[in-house]
Amino acid sequence: MKKIVVFLFFISIIASAQTAKGVKIAYIDMEYILEKVPDYAEALNQLELKAQKWKQEIETKRTELTTLKENLKTERILLTKELIEEREEEIAYFEKELLDYQEKKFGPRGDLIVQKSVLVKPIQDQIFTIVQDVAVQRKYDFVFDRASDLTMLFADKKYDISDLVVKKLTTAQKREEMSKKQLKALEAKEALEAAKEEQDENPAIAERQRILDEKKAAREKLLEERQKAIEDKKAQAAEKRKKLLEERDAKKNGTVIEKEVPAGEAETEKVIAVDSDKIIPTEKKLTPEEIKQKAVDQRNKKIEERKKALDEKKKKMAEERAAAMKAKEQKTEKKE
């Protein structure tokens, strides 16, 4: 009856999930998970050895009981009524003792079930905690246990998160043996894997992450270009300083490096070679005062040219105005 009620409850949940959008369901297989836990498997093996020992003891007692029954059957005709009753009471007591021992070891509340429950409970609690964390992280609405009383006639493998739970359970056990640095690296790796899994399940998140990655790549490229521009400017400044130092050294050594000066400020300087025995004639080098005076002359010349052009423009405009007035007067005279 209990299984039927649970099954009907499960069917109602599935029906509701089909009609409701966004409802997420997953399931685990507790037996499968427990089999994958090394500590549990080892402890279960030890418990199984105990069970085998208990079975051997029960089998030995059963053999003794069978022997007592066979002896009574063989010797019944030789025994008195009192001895037969005494033998029967002994067999009944031995038989009851055997049943009690069997119940104590393998009954519903026997040692095997109790020790197995004690063994399983800490691991089950840890599994339940991990399942809750996974459900919250992946936003599952329901997580079922396939190994429970719930009858699952069919379950798609893509909804099975048992391997994920085993992985997290193993990681949790290893975590206890790790250093703080190793723990930090493991947590970062788990966060990255969780984010990737969430992206795989949600295309919108994956698309948003793709856009963010593209923006990040564009920012990094822009920063690289800016850094390159800064490096180029530094290189140009270093080259300029180098040239200035070369020019200064050349002047000290008696040579002047040929240098282009902007128009209107100075003439092009020629290299002057100085030798101890003879001097090679070259063009005269302008002094700073001569350079300044030449710039002033050129500026005055430009002002004069601009003034002359302006006077010519004014003169032309006056002539055009006079011609217009004369034409207007002639037109007026013709009308009269």
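Let's start with Phe106, which is partly exposed, with a relative accessible area of 27%. In these terms, buried means under 20% relative accessible area, exposed means over 50%, and partly exposed is in between, using a 1.4 Å probe and protein chains only. Before I go on: this is a predicted model, so local features need pLDDT of at least 70, side-chain atom pairs count only at pLDDT 80 or more, and totals for chains, interfaces and linings use all residues. Residues are numbered from 1 along each chain as its sequence is written, and side-chain values use heavy atoms, with hydrogens and water left out.

Okay, aromatic rings. A pair of aromatic rings is described by the distance of the centres and the angle of the planes. The rule here takes rings of Phe, Tyr and Trp (its six-membered ring) with centres within 6.5 Å; planes under 30 degrees apart are stacked, over 60 edge-to-face, and the rest tilted. How many aromatic pairs does that rule give? The count is two. In one of them, the ring centres of Trp54 and Phe106 are 6.2 Å apart with the planes at 80°, so this pair is edge-to-face. It links distant parts of the chain, with Trp54 in helix H3 and Phe106 in helix H4 (residues 81–106), 52 residues apart. Helices, by the way, are DSSP runs of H or I with at least four residues, numbered from the N terminus. And is Trp54 buried or exposed? Trp54 counts as buried, at 8% relative accessibility.

Then there are the rings of Phe142 and Phe144, with centres 6.2 Å apart and planes at 15°, so that pair is stacked. Phe142 is partly exposed at 31%, while Phe144 is buried at 11%.

The cut-offs: NZ of Lys or CZ of Arg within 6 Å of the ring centre and within 35 degrees of the ring normal. Look at Lys24, whose charged end sits over the ring of Tyr140, 5.1 Å from the centre. Lys61 does this with Tyr101, at 5.7 Å from the ring centre.

On to salt bridges. Side chains of opposite charge can pair when their charged atoms come close. We call it a salt bridge when a side-chain nitrogen of Lys or Arg is within 4 Å of a carboxyl oxygen of Asp or Glu. This structure holds eight. One of them joins Glu59 and Arg62, at 3.2 Å from N to O. Both lie in helix H3 (residues 38–75), three residues apart, about one turn of the helix. Glu59 is partly exposed at 43%, and Arg62 is partly exposed at 31%.

Another salt bridge is between Asp125 and Lys121, at 3.0 Å, N to O. These two lie in helix H5 (residues 111–138), four residues apart, again about one turn. Asp125 is partly exposed at 34%, and so is Lys121 at 48%.

Asp232 and Lys228 also meet in a salt bridge, at 3.5 Å, N to O. Why are they separated by about one helical turn? Because they are four residues apart in helix H8 (residues 203–252). Here Asp232 is partly exposed at 36%, whereas Lys228 counts as exposed at 53%.
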